[in-house]
Amino acid sequence: MNLVKPDAARSALMGRVRQKSTKAELQVATALRTLAHAYRKNVRGLPGSPDFANRTQRWAIFVNGCFWHRHTGCVRATTPKANREFWMEKFAQNRARDADAIRKLRRAGFKVVIVWECEADKSVSRLSDVLKSRRPDVGDAVDH
């Protein structure tokens with residue numbers, strides 16, 4: 001498959017998309033502080049570099065953008081019309097990389113939570129429920 005890279009204007013637009021300290025990440029950080037959970041941000045030593053993690057309590061949180069990580073059923077998970085084949089391949093790679101990181105973390109005994117950007121404002125109560133027990137459970141994800 002010979003994929004065409006996006007044009008310069010699209011590339012510049014996508015390059016301006018914030019990768020760290022997004023509004024959703026700030027909301028999750030506030031929720032974690034409210035719940036008195038200690039954490040590290042952007043933990044590069046763990047698979048997938050979780051946005052928030054606590055190695056001692058063995059949990060990791062990914063704050064996923066609905067567009068880039070393809071939040072199923074979300075109106076923000078649009079696909080650009082131009083160069084559609086390129087974007088579909090890009091999104092498939094993103095999802096495969098996400099799944100691999102989650103699988104590796106769970107095998108290492110981590111509880112993994114996914115918070116979608118469109119639901120970050122509701123994260124306090126959900127994070128409280130998920131993080132209060134230390135036992136990893138496959139169903140514990142804020143990703144419906």
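**Stop 1: a charged network**

Select Asp100, Arg103 and Lys104: a network of salt bridges links these residues. Keep in mind that the model you have open is predicted.

Start with Asp100 and Arg103. They form a salt bridge, and the closest N and O atoms are 3.7 Å apart. Both residues belong to helix H4, with a spacing of three residues, about one turn of the helix.

Now look from Asp100 to Lys104. Their side chains meet in a salt bridge at 3.2 Å, N to O. These two also lie in helix H4, four residues apart, again about one turn of the helix.

Are these side chains buried, exposed or something in between? Asp100 is partly exposed, at 30% relative accessible area. Arg103 is partly exposed too, at 39%. Lys104 counts as partly exposed, with 42% relative accessibility.

Side chains of opposite charge can pair when their charged atoms come close.

**Stop 2: a bridge between loops**

How many salt bridges does a search of the whole structure find? The search finds three. Select Arg76 and Glu117 for another salt bridge, where the side chains meet at 3.6 Å, N to O. Arg76 sits in the loop between helix H3 (66-69) and H4, and Glu117 in the loop between E4 and helix H5 (123-131), so this pair ties together parts that are 41 residues apart in sequence.

Check the surface at both ends. Arg76 is partly exposed, with a relative accessible area of 42%. Glu117 is partly exposed as well, at 31%.

**Stop 3: the sheet**

Switch to a cartoon view and find the strands. Four of them form an open sheet, ordered E1-E2-E3-E4, with mixed pairing. Which strands are at the edges? They are E1 (40-41) and E4 (111-116), each of which pairs on one side only.

Select residues 59-64 next. This is strand E3, which pairs with E4 in the parallel sense over six bridges. Zoom in on Trp59: Lys111 in E4 stands opposite this residue.

**Stop 4: helices against the sheet**

Then select residues 84-107, helix H4. This helix lies across E3 and E4 and runs at about 165 degrees to E3.

**Stop 5: Ser49**

Where is Ser49? Look in the loop between E1 and E2. Ser49 is partly exposed, with a relative accessible area of 31%.

Show what surrounds Ser49. Leaving out residues up to four places away in sequence, Ser49 touches Val43, Arg44 and Phe62.

End by selecting Ser49 together with Ala101. In sequence, Ser49 and Ala101 are 52 residues apart. In space, their C-alpha atoms are 8.4 Å apart.

Conventions
Residues are numbered from 1 along each chain as its sequence is written. This is a predicted model: local features need pLDDT of at least 70, side-chain atom pairs count only at pLDDT 80 or more; totals for chains, interfaces and linings use all residues. Side-chain values use heavy atoms; hydrogens and water are left out. Two strands pair if DSSP finds at least two bridges between them. Contact means heavy atoms within 4.5 Å. Axes are lines fitted to C-alpha atoms, for helices over the stretch in contact, and angles run from 0 to 180 degrees between N-to-C directions. A salt bridge is a side-chain nitrogen of Lys or Arg within 4 Å of a carboxyl oxygen of Asp or Glu. Buried means under 20% relative accessible area, exposed over 50%, partly exposed in between (1.4 Å probe, protein chains only).
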